[in-house]
Amino acid sequence: MHVTAESTEGPVRVPSPDHRWTALFFITEPGIGEVLPELAGCTTGLCSVRDDAARFARADVRVLGVSAHAPGHLAEFAKSRDLGYPLVGDGELTLGRAMGVPEVKAGGRTLFSRAAVVLDPTGVVRAVLHPVPEAERHAVLVLETVAQLEADEVGRA
């Protein structure tokens with residue numbers, strides 16, 4: 001899979017042609033926990049990724065957040081949290097569905113469940129992480145998965 005997606009920083013290529021891995025962090029909706037507490041954690045999860053930015057850089061991982069909203073809806077949120085990486089708007093759910101990301105119904109809408117997808121440079125989905133019950137560990141789970149994928153490749157070589 002190779003696509004160009006609209007993000008809060010303009011068009012981005014998925015997977016990244018400049019990185020060893022691309023990690024897509026799927027969230028339901030920033031701030032949804034205030035309305036639907038059972039879906040809380042999106043902001044915490046995205047901020048955990050921001051806080052581990054150096055580890056993602058060392059692992060050569062391009063980070064993208066993905067939500068079922070238009071990028072314009074997400075831009076203010078990304079700026080207010082100083083995320084440092086783009087949020088992709090997947091309002092039609094096409095990107096997430098193509099990668100097998102689970103969905104949830106909330107307030108009459110279909111949104112993504114909290115999940116992560118790791119792609120290799122050819123666009124092959126190498127891991128889908130779901131569920132992610134502890135939002136604060138979202139980044140760590142992906143970093144551990146990337147480390148395991150790297151170890152598996154070294155073991156095959």
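Predicted model: local features only at pLDDT ≥ 70, side-chain atom pairs only at ≥ 80, totals over all residues.
Me: What do β1 and β2 form, and how many residues lie between them?
Reply: β1 and β2 form a hairpin, with 2 residues between them.

Me: What makes β3 and β4 a pair, and in which sense do they run, parallel or antiparallel?
Reply: The requirement is at least two bridges. Strand β3 (residues 21–26) and β4 are joined by 6 bridges, so they count as paired, and they run parallel. Thr22 has Arg62 in β4 as its bridge partner.

Me: How many bridges join β4 to strand β5?
Reply: There are 3 bridges between β4 and strand β5 (residues 87–89), and the two run parallel. At least two are required, so this is again a pair. Here Val66 has Val88 in β5 as its bridge partner.

Me: Why is strand β4 called mostly covered?
Reply: A residue is buried if its relative accessible area is under 20%. In strand β4 (residues 61–67), 6 of the 7 residues are buried, and the strand is accordingly described as mostly covered.

Me: Which residues of helix α3 are buried, and why are they said to line one face?
Reply: In helix α3 (residues 71–80), the buried residues are Pro71, Leu74, Phe77 and Ala78. Viewed down the axis of α3, they fall within an arc of 120 degrees, so they line one face of the helix. Gly72, Glu76 and Lys79, on the other side of α3, are exposed. The word exposed applies to a relative accessible area over 50%.

Me: How many aromatic pairs does a search of the whole structure find?
Reply: The search finds 2 aromatic pairs.

Me: Why is the pair of Phe25 and Phe56 called by its particular name?
Reply: Rings pair if their centres lie within 6.5 Å, and planes over 60 degrees apart count as edge-to-face. For Phe25 and Phe56 the centres are 5.8 Å apart and the planes stand at 90 degrees, so the pair is edge-to-face. This pair links distant parts of the chain, with Phe25 in strand β3 and Phe56 in helix α2 (residues 53–58), 31 residues apart. Both Phe25 and Phe56 are buried.

Me: What makes Phe26 and Phe112 an aromatic pair?
Reply: Their rings are 4.9 Å apart from centre to centre, with 70 degrees between the planes.

Me: How many helices and strands does the protein have, and why is the protein called as compact as a globular protein of its length?
Reply: The protein has 5 helices and 9 strands. Its radius of gyration is 15 Å, close to the 15 Å that the globule rule gives for 157 residues, so the protein is as compact as a globular protein of that length. Of the 157 residues, 48% count as buried.

Definitions and conventions: Residues numbered from 1 in each chain as written. Heavy atoms only, no water. Buried < 20%, exposed > 50% of the residue type's maximum accessible area, 1.4 Å probe, protein only. Helix = DSSP H or I, 4+ residues; strand = E, 2+ residues; numbered from the N terminus. Arc of directions from axis to C-beta. Rg over C-alpha atoms; globule rule 2.2 N^0.38 Å. Phe/Tyr/Trp six-rings, centres within 6.5 Å; stacked < 30°, edge-to-face > 60°.
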